[in-house]
Amino acid sequence: MTEIQELLNQIDVSQVASVLGTDPASAQTAVEAALPTLLAGMHHNAQAPDGAASLQSALGQHQDGLLDGGVDVSQVDAADGEKIVGHVFGGQQDQVAAQLAGTAGLGGVGGDLIRKALPILAPIVMSYLAKKIFGQGGSGQAAQPGRTEAGGGQAGGIDLGGILGGILGAGAGASGAGAGGSAGAGQGSVLDSVLGGLGGLFGKK
């Protein structure tokens with residue numbers, strides 16, 4: 001969880017708490033649950049070539065320097081975030097948030113708070129991934145290893161599935177196994193695959 005923690009450390013939780021209208025402790029819990037959930041959803045989508053291509057295209061539009069010098073939450077476009085969340089979860093974001101709140105042992109933080117945190121965090125995650133994959137130059141070329149010639153989860157030679165799996169770490173194995181077998185399935189597979197992939201991150205199988 002090193003990279004997830006690195007990203008979390010760049011987010012001012014007090015700013016998030018102000019936007020969510022809650023206390024910093026609850027905001028911290030919601031952010032720590034919502035952020036890896038977004039990554040797991042993207043990882044699920046990237047298992048299919050068309051999903052990987054769509055994600056790479058979206059990442060190309062988020063080379064915006066949002067993370068430079070630390071995240072200013074007031075600069076986050078929540079409307080853009082809502083669109084990202086809708087794409088990531090296929091319209092099941094309410095169900096994902098509710099089930100996550102009920103199964104991850106979040107100390108009473110409800111799904112409504114997680115749901116409100118998702119569109120705030122989505123542009124931050126996209127900016128982080130764009131910077132990681134494309135680098136500072138914005139050339140559209142991967143800034144690190146992760147290019148392979150064939151297989152699922154790749155777009156333009158960039159192994160998005162592998163990159164996202166590496167960020168997720170312990171939870172990626174479950175997510176990869178579940179998503180790999182259901183990449184062509186209906187939207188009903190998104191919920192189980194995302195939450196299954198988070199098992200290792202929240203200490204559940």
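A salt bridge here is a side-chain nitrogen of Lys or Arg within 4 Å of a carboxyl oxygen of Asp or Glu. By that rule, the structure above, which is a predicted model, holds four salt bridges.

- Lys132 and Glu3 bring their side chains together in a salt bridge, with 2.7 Å from N to O. Lys132 belongs to helix 7 and Glu3 to helix 1 (residues 2-8), so this pair ties together parts that lie 129 residues apart in sequence.
- Glu3 has a relative accessibility of 22%, so it counts as partly exposed.
- Asp68 and Lys131 form another salt bridge through their side chains, at 3.3 Å from N to O. Asp68 sits in the loop between helix 4 (49-60) and helix 5 (78-89), while Lys131 is in helix 7, so the pair ties together parts that are 63 residues apart in sequence.
- Glu82 is partly exposed, with a relative accessible area of 31%, whereas Arg115 counts as buried because its relative accessibility is 18%, and buried means under 20%.
- Asp94 joins this pair: Glu82, Asp94 and Arg115 are linked in a network of salt bridges.

**Helix 2 and its two sides**

- Helix 2 (13-20) has Val13, Val16, Ala17 and Leu20 as buried residues. Looking down the helix axis, the buried residues fall within an arc of 100 degrees, so they line one face of helix 2.
- Which residues are exposed on the other side of helix 2? They are Ser18 and Val19.
- The cover over the buried residues of helix 2 includes helix 3 and helix 7 (111-134).
- Just after helix 2 comes Gly21, which takes a positive phi of about 70 degrees.

**Thr22, in the loop between helices**

- Thr22 is found in the loop between helix 2 (13-20) and helix 3 (24-45). Its relative accessibility is 24%, so Thr22 counts as partly exposed.
- Leaving aside residues up to four places away in sequence, Thr22 touches Ala17, Ala27 and Leu113.
- Thr22 and Leu113 are 91 residues apart along the chain, and their C-alpha atoms are separated by 8.6 Å.
- The Thr22 side chain also makes a polar contact with the side chain of Asp23, at 3.4 Å.

**Helix 3**

- Helix 3 has 22 residues and reaches 31 Å from its first C-alpha to its last, close to the 32 Å expected at 1.5 Å a residue.
- How many residues of helix 3 are buried? The count is 16 of its 22 residues, and helix 3 is mostly covered.

Key
Residues are numbered from 1 along each chain as its sequence is written. This is a predicted model: local features need pLDDT of at least 70, side-chain atom pairs count only at pLDDT 80 or more; totals for chains, interfaces and linings use all residues. Side-chain values use heavy atoms; hydrogens and water are left out. Helices (H or I, at least four residues) and strands (E, at least two) are DSSP runs, numbered from the N terminus. Buried means under 20% relative accessible area, exposed over 50%, partly exposed in between (1.4 Å probe, protein chains only). Contact means heavy atoms within 4.5 Å. A polar contact is a pair of N or O atoms within 3.5 Å; within protein, one must be able to donate a hydrogen and the other to accept it, and residues adjacent in sequence count only if both atoms are side-chain atoms. The arc is that of the directions from the helix axis to the C-beta atoms. The expected span of a helix is 1.5 Å times one less than its number of residues.
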